[in-house]
Amino acid sequence: MTDKKNAYHKVRMERKKTQIDASIAKANIEKGILLVITGNGKGKSTSAFGMVARALGHDLKVGVCQFIKSRTDTGEEAFFSAQPNCEWHVLGDGFTWDTQNREQDIATSERGWQIAEKMLSDPSYDLVVLDELTYLLSYDYIDKQRVLSALQARPEMQHVVVTGRSAAAELKEIADTVSEIQEVKHAYKSGVKAQIGVDF
Ligand code: ATP
Ligand code: MG
């Protein structure tokens, strides 16, 4: 029985290997990827920061723009901004419900977006992270077409990660990889406050 099971496993794995090798051989394009990490679950920004670590590990140059939030005491900023190949900008003014000032939010977004636009036109950045960019579009703080055009006109080999809830359909349309993180549970909903090292 066990011999039969082992033999069957080997046949199945051989078949699987043939299929996987064929699909790997088919994916032979090299290009800068646009990734969108959206959805209501936790893990969007931390996923982007995981890619920052990967890229830096390969000596690539990384630019990070954090929109909306204004806190500069996060573990990610402390860690990554100390890396020589990583440029880190906190470009927010606080949450929209804290500022309560649309005109101010628009001016802040404009200043931030100009920094992002510079990165998106500079091929020396291998990876650009636009953290929480989706909110600038959903609140209409920055013209959507302007953002889409800058993303599409970026250097050919530059990777870009956009995070934030409710990504616009047009943004998902032009992206190469889109992941929607679904919330199953979040500790906050059971009264646990944001934890150092986990949430910031
Ligand atoms: P993270 O930075 O932890 O990956 P995120 O980028 O997916 O989170 P944001 O909306 O940017 O999500 O979250 C910012 C903060 O809010 C983080 O401290 C995160 O833990 C918390 N958070 C994320 N998702 C939820 C949720 N569904 N309910 C409550 N708090 C959340
Ligand atoms: Mg986030």
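**Ligand, magnesium and core contacts**

An oxygen atom of ligand 1 sits 2.8 Å from an N or O atom in the side chain of Ser 45, a polar contact in the sense of two N or O atoms within 3.5 Å (within protein, one must be able to donate a hydrogen and the other to accept it, and residues adjacent in sequence count only if both atoms are side-chain atoms). The model is predicted, so local features need pLDDT of at least 70 and side-chain atom pairs pLDDT 80 or more, while totals for chains, interfaces and linings use all residues. Residues are numbered from 1 along each chain as its sequence is written, chains are lettered from A and ligands numbered from 1 in the order written, and side-chain values use heavy atoms, with hydrogens and water left out.

Taken alone, ligand 1 exposes 570 Å², and the protein buries 85% of that (Shrake-Rupley areas, 1.4 Å probe).

Ser 45 turns up again at the magnesium ion (ligand 2), which is coordinated by Ser 45 (OG) and Glu 132 (OE) at 2.0 to 2.1 Å. Donors here are N, O and S atoms within 2.8 Å of the metal (3.2 Å for Na, K and Ca); water is not among the atoms, so sites may look incomplete. Ser 45 belongs to helix H2 (residues 44-57) and Glu 132 to the loop between strand S4 (127-131) and helix H6 (133-138), so the pair ties together parts 87 residues apart in sequence. Helices (H or I, at least four residues) and strands (E, at least two) are DSSP runs, numbered from the N terminus.

As for packing, the largest nonpolar core has 29 residues, of which Phe 67, Trp 113, Leu 130 and Leu 171 touch the most other members. Such a core joins buried Ala, Val, Leu, Ile, Met, Phe, Trp, Tyr and Cys residues through side-chain atoms within 4.5 Å. Leu 171 touches partners including Val 36, Leu 148 and Thr 134, contact meaning heavy atoms within 4.5 Å. Thr 134, in helix H6, is buried at 2% relative accessible area.

Note on methods:
Buried < 20%, exposed > 50% of the residue type's maximum accessible area, 1.4 Å probe, protein only. Lists of a residue's contacts leave out its neighbours within four places in sequence.
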